[in-house]
Amino acid sequence: MSHVTTADGTRIWYDACGQGDPLLLLNGQSLDHEMWDGVHADLAEHHRVVRMDFRGTGGSDAPLDEPYTFELFVNDALAVLDALEITRTHVYGFSMGGKVAQTFAATAPERLGALVLGATAPGGSNEVERPRSSTLALRQASTAAGRDMIAELFYTPAWAAAHPDTVTRVLPRGPLRAQRLHFGASSGYDGWDLLPSVQAPTLVVHGEDDLLTPVGNAALLAERIPGARLLVLPGTRHGYLHEGGDKATHEVLDFLAAHPVSARG
């Protein structure tokens with residue numbers, strides 16, 4: 001693990017493991033790299049997996065004087081890739097990280113191999129809105145009651161009860177002000193006009209019973225991005241990558257193997 005200092009002086013935490021085509025993982029809103037625990041090890045059996053913490057989370061600095069934007073997050077990611085001397089990478093973005101991944105695809109296409117968008121949405125007026133109760137859970141996620149609400153949104157009750165450590169890893173981290181800046185960045189995103197310009201091979205993955213980011217958003221993304229493939233996992237919620245991890249990771253690995261980074265000149 002290490003840090004890179006960005007142009008504005010913010011230190012960004014990152015690590016890398018495994019060998020093969022690079023694969024950059026982008027975290028959900030206010031979550032740090034630990035949300036990928038277990039999943040990243042399976043991916044690293046076939047890829048050089050890079051995790052990073054967005055500013056405001058985990059081991060990265062949390063500047064609080066300016067709004068966070070997805071363009072800023074992408075620039076932070078590019079600084080990490082430059083530090084690792086990675087010129088092109090696959091990108092797997094989860095939830096808010098999926099919106100950052102869309103921005104990456106639109107603004108730095110020459111750095112992108114294939115794209116995986118997990119449990120995410122296009123933003124703006126076209127996004128299928130989550131129920132009000134789900135937004136309330138996000139706003140209260142740092143409280144004891146909020147923990148239970150987040151657990152239910154991510155996983156079926158029996159699975160959450162059997163995996164309390166995983167539930168803990170999907171709870172917001174970092175200063176409350178930084179959490180609000182993450183929420184503001186995600187809420188203000190509108191990638192609808194960017195999506196048709198995405199040229200990277202794209203896999204859209206979603207849990208069928210997701211109430212945090214309703215599954216209708218997956219269909220919108222798959223229809224809007226040229227040639228995108230859609231994978232909906234029955235019986236899973238927002239945290240499909242854990243509860244449905246065997247199937248999800250297998251499908252992601254097969255998809256990336258079909259689109260090697262070196263094939264995109």
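Q: Let's begin with strand partners. Which residue in E4 does Pro 22 stand opposite?
A: The general idea is that strands of a sheet pair through backbone hydrogen bonds, either parallel or antiparallel. Here, in what is a predicted model, Pro 22 stands opposite Arg 48 of E4. Strand E3 covers residues 22-26 and strand E4 covers residues 48-52; the two run parallel and are joined by four bridges.

Q: What about E1 and E2, do they run parallel or antiparallel?
A: Antiparallel, again with four bridges, and E2 spans residues 11-17. One place to look is Ser 2, whose bridge partner in E2 is Tyr 14.

Q: How do I read the angle where H2 and H3 cross?
A: Picture a line along each helix and compare directions. Helix H2 (residues 70-83) and H3 cross at roughly 75°, and their axes come within 9 Å. An angle from 65 to 115 degrees counts as roughly perpendicular, so that is the label for H2 against H3.

Q: Which residues make that contact?
A: From H2 it's Phe 70, Glu 71, Phe 73, Val 74, Leu 78 and Leu 81. From H3 it's Met 96, Lys 99, Val 100, Thr 103, Phe 104 and Thr 107. Sorted by class, the contact of H2 with H3 has eight nonpolar, two polar and two charged residues.

Q: And at what angle do H4 and H5 pack?
A: About 130°, with the axes 8 Å apart; helix H4 is residues 132-139 and helix H5 is residues 144-154. The pair is therefore called oblique. The crossing of H4 past H5 is left-handed. On the H4 side you'll find Ser 134, Ala 137 and Leu 138, meeting Met 149, Ile 150 and Leu 153 in H5. Those residues divide into five nonpolar, one polar and no charged.

Q: Last one: how many aromatic pairs does a search of the whole structure find?
A: Nine. With a pair like this, you check the distance between ring centres and the angle between planes. Take Trp 36 and Tyr 92: the centres are 5.1 Å apart, the planes 70° apart, and the pair is edge-to-face. It links distant parts of the chain, since Trp 36 is in the loop between E3 and helix H1 (39-43) while Tyr 92 is in strand E5, 56 residues apart.

Note on methods
Residues numbered from 1 in each chain as written. Predicted model: local features only at pLDDT ≥ 70, side-chain atom pairs only at ≥ 80, totals over all residues. Heavy atoms only, no water. Pairing = 2+ DSSP bridges. Axes fitted to C-alpha atoms, helices over the stretch in contact; angles between N-to-C directions. Parallel < 35°, antiparallel > 145°, perpendicular 65-115°, else oblique. Left-handed = near helix turned anticlockwise from the far one by under 90°. Contact = heavy atoms within 4.5 Å. Nonpolar A, V, L, I, M, F, W, Y, C, P; charged D, E, K, R; others polar. Phe/Tyr/Trp six-rings, centres within 6.5 Å; stacked < 30°, edge-to-face > 60°.
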